[in-house]
Amino acid sequence: MLWLNVILQGVLTGGLYAMFAAGLSLIFGVMRLVNIAHGDLIVLAAYVTLMATTAFGINPLLSLIVVVPAMALIGYALQRGLLNRTLGDDLLPPLLVTFGLSIIIQNGLLELFTADSRKLQAGTIEVATFQVTQGLWIGLLPLLQFVIAVAVIAGLQLLFYRTALGRAFRAASDDQTVARLMGLDTRHVFALAMALSLAIVAIAGVFLAVRANFDPTIGPARLIFGFEAVIIGGLGSLWGTLAGGVILGVSQAIGAQIDPGWQLLAGHIVFLVILALRPQGLFPKVSG
Amino acid sequence: MSRVAHATPSSRVGVTLIALAAIALAAAPAWADRLTLRLLAEMFTFVALASLWNLLSGYAGLVSVGQQAYVGLGGYLLFALAMFGSLHPILAIAVAGVVSALVAVPLAALIFRLRGAYFAIGTWVMAEVFRLLASQVSALGGGSGISLPASIILAMAPSRTMREFEIYWLSLGLMALVLAAIVLLLRSRHGLALTAVRDNELAAQSNGIDVWRLKFAVYVLTAAGTGMVGALIFLMKLRISPDTAFSVNDWTAFVIFITVIGGIGRVEGPIVGTMIFFIMRQTLSDLGSVYLLILGAVAIAVMLWAPKGLWGLVVERFGWQALPLQRRLVLADSEEKA
Amino acid sequence: MSDGLLDVRGIDAFYGDFQALFGVTLALGAGQVVAVIGANGAGKSTLLKCIAGLMHPRAGAIAFAGGDIGHTPAFEVARRGISLVPEGRRLFPSLSVEENLMIGGQSKRPGPWTLARVYALFPVLAERRHMPATALSGGQQQMAAIGRALMANPRLLLCDEISLGLAPIVVRDIYAQLPDIVREGLAVVIVEQDIVQALRAANHVYCLQEGRVALAGAAASLTREAIGAAYFGV
């Protein structure tokens with residue numbers, strides 16, 4: 001029963017990791033950009049949530065109403081103002097610029113908020129649990145988080161394959177030049193993609209803020225979790241990313257149960273094993 | 001007979017200046033004070049690290065944000081070899097290089113399955129794995145780290161002054177070794193292949209260059225060099241811990257900024273970049289994290305508006321070369337007329 | 001030759017330092033079909049790219065429906081009513097046939113062209129509407145590319161080497177639809193290597209030779225010899 005609980009916790013955590021990964025995966029799919037500052041933007045969202053809850057005195061989960069549009073706006077401006085300039089055949093500029101951005105965000109947050117660890121209170125929902133069956137309990141918050149992660153991924157699938165915007169994303173990703181011939185302003189399309197990515201980052205950030213302690217330096221670890229979820233699941237597949245997140249979450253949970261110091265290592269090892277045996281991931285759609 | 005000429009008028013000046021600088025630097029213990037010697041020694045390690053990163057990313061196109069894996073590995077190897085193997089620190093540095101190369105082989109085989117930016121993050125993951133593993137090794141201090149025993153330090157040289165001179169010359173020597181190796185590599189046939197890969201990988205491949213093997217070799221050699229520099233760095237610091245050994249900020253962020261600001265893809269770039277970096281550090285370091293913020297902003301600005309770095313701007317404007325790395329075909333009959 | 005819709009006046013175009021067009025002039029009005037012929041490298045595709053806004057001429061002017069478009073970005077030119085069927089079809093591989101057509105209509109310009117009408121024009125596309133675009137044969141892909149361009153309800157259609165890589169009978173079938181396409185006054189510029197087909201389809205012909213207009217005139221009035229001389233520059 002203990003192990004079942006452990007695995008269940010891991011699955012639910014995997015949902016959060018899948019959310020970390022979804023935004024990353026979306027951007028790579030649309031414009032072949034890997035945003036090294038992605039994890040730091042999740043942390044930024046957590047701090048924006050902190051500011052929103054302090055300013056308006058509302059529950060962090062409610063602050064999503066403010067945080068999501070705020071981050072989306074930041075994403076649009078970031079892409080339009082800075083990252084669009086780095087797109088092209090050379091992979092160095094986007095990599096180095098987003099790396100520089102990562103350093104800027106981390107140190108900017110350090111200056112504004114100090115290195116103190118924070119955590120936001122979401123009220124009774126944090127400790128609420130319900131019993132699934134004899135000896136098996138699920139926390140309400142982790143379950144909510146998992147359900148929202150699934151909803152986000154389902155929503156993204158719907159957007160990509162059933163809407164005009166999704167068509168625009170796929171077309172711009174296939175062939176920028178011909179997309180422009182269709183009357184698409186690709187600068188705007190890419191900026192919308194980044195806005196969407198950061199909207200997802202906002203949701204992930206809010207849940208991060210409520211779930212665990214956060215400080216300005218934990219961004220890179222979130223990037224790595226998201227990245228590992230994408231690679232385990234397979235590039236180009238959103239449901240694969242969910243699977244990848246779940247596998248990572250479960251690996252970490254099992255590792256932590258064996259020895260707390262092994263939590264992160266367990267996840268990395270599973271990632272490396274999959275990289276060694278099946279580098280294209282478990283459910284790949286496209287080649288990297 | 002036609003031949004390939006490497007030197008240019010400016011490179012002759014450059015080589016002369018470098019030779020003079022080398023003599024001055026070698027004699028530094030005579031004219032510089034303790035603090036300056038320490039600063040210079042630190043600068044040399046950054047020139048070496050940045051030059052190695054430049055070779056990997058700027059020439060071989062393998063952008064790594066995980067070289068701190070080898071810096072830390074080299075540091076821990078030094079401590080382990082000196083403390084448990086009773087190796088003389090200088091020998092330990094050399095062995096650290098060899099072991100780093102051996103570790104790099106299976107590692108490369110694994111992460112070469114990733115491409116582009118995903119490769120970069122993969123190198124970061126590997127560094128994280130090293131860090132986590134280092135925290136588990138209690139013999140070397142586990143998570144909190146360990147200091148180098150006094151006995152080992154004392155065994156290096158009889159007096160503190162002699163030790164500091166020894167460390168200084170070690171650093172100068174290692175930097176010179178790294179730079180010389182890089183210059184020789186770039187002047188060789190393999191260097192030509194590498195430049196071809198840098199300019200156009202597909203074309204290089206269709207010309208018969210085994211791109212994968214070349215990149216693999218460069219990765220392993222860079223790992224060896226980085227491991228040696230890492231060993232030296234922690235010999236200088238006298239204390240190691242997982243967080244300092246595998247710090248992304250110190251060994252990757254700073255190194256990348258140095259190379260980008262100085263000039264990627266050019267040997268002179270890291271040297272120029274290190275000088276600028278240390279000037280900035282001396283003047284701005286009181287600002288703490290604001291300093292890093294400024295550094296990040298400067299790196300972004302340089303990447304967008306001067307992607308070839310400051311040295312690249314100089315080359316474009318004046319056509320200077322500090323080192324004889326150009327390749328010019330000198331035809332037989334033009335030689336006779338001269 | 002009546003102008004009024006498109007007026008290209010003395011444009012020079014460069015790829016870096018290499019000059020591809022020298023003072024090229026071309027004009028056409030609504031409902032006209034103009035063919036641009038010439039050997040490989042004569043500058044035909046370059047001319048289309050300039051009109052479509054993918055390239056900008058360094059000298060001269062391009063006027064479309066009264067407005068200057070010489071420096072207008074491609075997506076804006078497309079929204080104003082110029083559609084390019086690119087060389088090599090270049091359908092979007094991630095999109096199905098129908099999605100390719102739908103994205104053609106992305107700029108929502110008003111006009112007679114709808115999915116239904118495109119399917120009526122090229123029935124084979126309707127049969128394969130949900131297949132990935134790249135699963136079609138060469139000729140079918142060309143029809144899809146033309147349909148995609150028509151979905152934008154353009155006033156000017158630019159066709160870059162439609163016959164390339166296609167069997168003659170397929171080319172004939174496609175060109176047979178041309179009268180239907182221009183029925184409502186759509187103007188068409190056809191860039192072709194298949195001279196016979198081009199002369200048959202067009203009202204007016206321009207022949208480019210090494211970036212210059214070597215010959216221009218009504219299709220019916222040009223002799224074989226004149227065309228041959230202009231084409232090869234002998």
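The model is a predicted one, in which local features need pLDDT of at least 70 and side-chain atom pairs count only at pLDDT 80 or more, while totals for chains, interfaces and linings use all residues. Residues are numbered from 1 along each chain as its sequence is written, and chains are lettered from A, with ligands numbered from 1, in the order in which they are written.

Chain B holds 17 helices and four strands, taken as DSSP runs (H or I of at least four residues for helices, E of at least two for strands) and numbered from the N terminus. Its radius of gyration is 21 Å, close to the 20 Å of the globule rule for 338 residues, so chain B is as compact as a globular protein of that length. Here the radius is taken over C-alpha atoms, and the rule is 2.2 Å times the number of residues to the power 0.38. The C-alpha trace spans about 65 × 50 × 40 Å along its principal axes.

Turning to chain A, helices α2 (residues 38–56) and α3 (residues 64–81) have axes that come within 10 Å and cross at roughly 135 degrees. These axes are lines fitted to C-alpha atoms over the stretch in contact, with angles running from 0 to 180 degrees between N-to-C directions. From α2(A), the contact uses Ala45(A), Val48(A), Thr49(A) and Ala52(A), and from α3(A), Val66(A), Val67(A), Ala70(A) and Met71(A); two residues are in contact if their C-beta atoms, placed from the backbone, lie within 7 Å. Seven of these residues are nonpolar, one is polar and none is charged. In this classification Ala, Val, Leu, Ile, Met, Phe, Trp, Tyr, Cys and Pro are nonpolar, Asp, Glu, Lys and Arg are charged, and the others, Gly among them, are polar.

What does chain A meet in the other chains?

The contact between chains A and C takes 16 residues from chain A and 20 residues from chain C. On the chain A side, the largest share, seven residues, comes from α6(A).
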